[in-house]
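Take a look at the chain below.

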Amino acid sequence: MPIALLQLIESRLVEHRPRRKWLRRLRQRSAVAMILSVRKGELHILMIKRAEREGDPWSGHMAFPGGRMDPDDRHGYAVALRETEEEIGIHLAESATCIGRLSEIRTRPRRGLLSMFITPFVFRLEKEVHFRPNHEVAEVVWVPLEFLLDTDQRETMSWQRKRLRMTLPCYIYNGRRIWGLSLMMLDELMDLVEGPNPQRRTWRRG
């Protein structure tokens, strides 16, 4: 079953046409790595919990390894490789295969007016690796994909910034909340697996 699920994702990614933002070359860009691996008979996806840091808008959040593009980075794929190595010590070029990419997501940092574009790259881990998290990462977590595909595990949360209040979808995995941009990426991946599911509730204002 896990091998079949991984093969299904790979075949769907080959056919997938991710959305690309035409303004991305004019804005700050970033990329993340979504790493899949069969572990203990089940397909998992790797996530990190970011360390608590003052001034970091994603402090303490569940996320994927990744970060902003540097002037020396040739493209988003290079960003995903570099940031994954820096954050958790994995050399993806040696230990994994990139099997596709998902749609770019536009986000606006808390500081600054210009939006940023995030590109998710999906990898299949080929061998066992040992993590060496840096100061930005509190922990590395393998999340079962079957858990995320189970809509009974899906919950809601209240989020507020100034006068804006929203009810957002989320998952709670072993006490860790998965929501926001990371969940948007996961939802696209899960839509590739089983098609759009109305039980994966979309964001709405509360």
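Y77 is partly exposed, with a relative accessible area of 31%. F123 counts as buried, at 0% relative accessibility.

This is a predicted model, in which local features need pLDDT of at least 70, side-chain atom pairs count only at pLDDT 80 or more, and totals for chains, interfaces and linings use all residues. Residues are numbered from 1 along each chain as its sequence is written, and side-chain values use heavy atoms, with hydrogens and water left out.

## Aromatic pairs

How many aromatic pairs does a search of the whole structure find? The search finds five. Rings of Phe, Tyr and Trp (its six-membered ring) pair if their centres lie within 6.5 Å; planes under 30 degrees apart count as stacked, over 60 as edge-to-face and the rest as tilted. One of the pairs is Y77 with F123, which is stacked: 6.0 Å centre to centre, with 20 degrees between the planes. Y77 lies in helix 2 (residues 76-88) and F123 in strand 7 (residues 116-125), so this pair ties together parts that are 46 residues apart in sequence. Helices (H or I, at least four residues) and strands (E, at least two) are DSSP runs, numbered from the N terminus. Y77 and F123 also belong to one aromatic cluster with F121.

F147 and Y171 make a tilted pair, 5.9 Å centre to centre and 55 degrees between the planes. This pair links distant parts of the chain: F147 is in helix 4 (residues 145-149), Y171 is in strand 10 (residues 164-173), and they are 24 residues apart. F147 is buried, with a relative accessible area of 14%. Y171 is buried as well, at 0%.

## Helix 2

Does the span of helix 2 agree or disagree with its 13 residues? At 1.5 Å a residue, helix 2 should span 18 Å, and its end C-alpha atoms are 18 Å apart, which agrees. The expected span of a helix is 1.5 Å times one less than its number of residues.

The buried residues of helix 2 are G76, V79, A80, L81, R82, E83, T84, E87 and I88. What covers them includes strand 1 (28-39), strand 2 (42-50), strand 4 (66-68), helix 3 (92-95), strand 7 and strand 8 (137-144). After helix 2 comes G89, with a positive phi near 75 degrees.

How many of the residues of strand 7 are buried? The count is 10 of its 10 residues. Both faces are covered. M116, I118, P120, V122 and R124 are buried on one side, and F117, T119, F121, F123 and L125 on the other.

Two strands pair if DSSP finds at least two bridges between them. Strand 1 pairs with strand 7 in the parallel sense, over nine bridges. There, L36 stands opposite R124. Strand 5 pairs with strand 7 in the antiparallel sense, over five bridges, and V122 is the bridge partner of G100. Strand 6 (residues 105-107) is also antiparallel to strand 7, over three bridges. I105 has I118 as its bridge partner.

## S37 in strand 1

S37 lies in strand 1. S37 counts as buried, at 7% relative accessibility. Leaving aside neighbours within four places in sequence, S37 is in contact (heavy atoms within 4.5 Å) with E42, L43, H44, L125 and W142.

## Two positive phi values

Most residues other than glycine have a negative phi. K40 has a positive phi, near 55 degrees. K40 is found in the loop between strand 1 and strand 2, and is exposed, with a relative accessible area of 88%.

N174 also has a positive phi, near 50 degrees. This residue sits in the loop between strand 10 and strand 11 (176-178). N174 counts as exposed, at 59% relative accessibility.

## Confidence

pLDDT is the predictor's confidence in each residue, from 0 to 100. The mean for the protein chain is 88, and 88% of its residues reach 70 or more. Which elements have the lowest and the highest mean pLDDT? Strand 12 (residues 204-205) has the lowest, 44, and strand 5 (residues 96-101) the highest, 98. Where pLDDT is low, the predicted coordinates should not be read in detail.

How values were computed:
Buried < 20%, exposed > 50% of the residue type's maximum accessible area, 1.4 Å probe, protein only.
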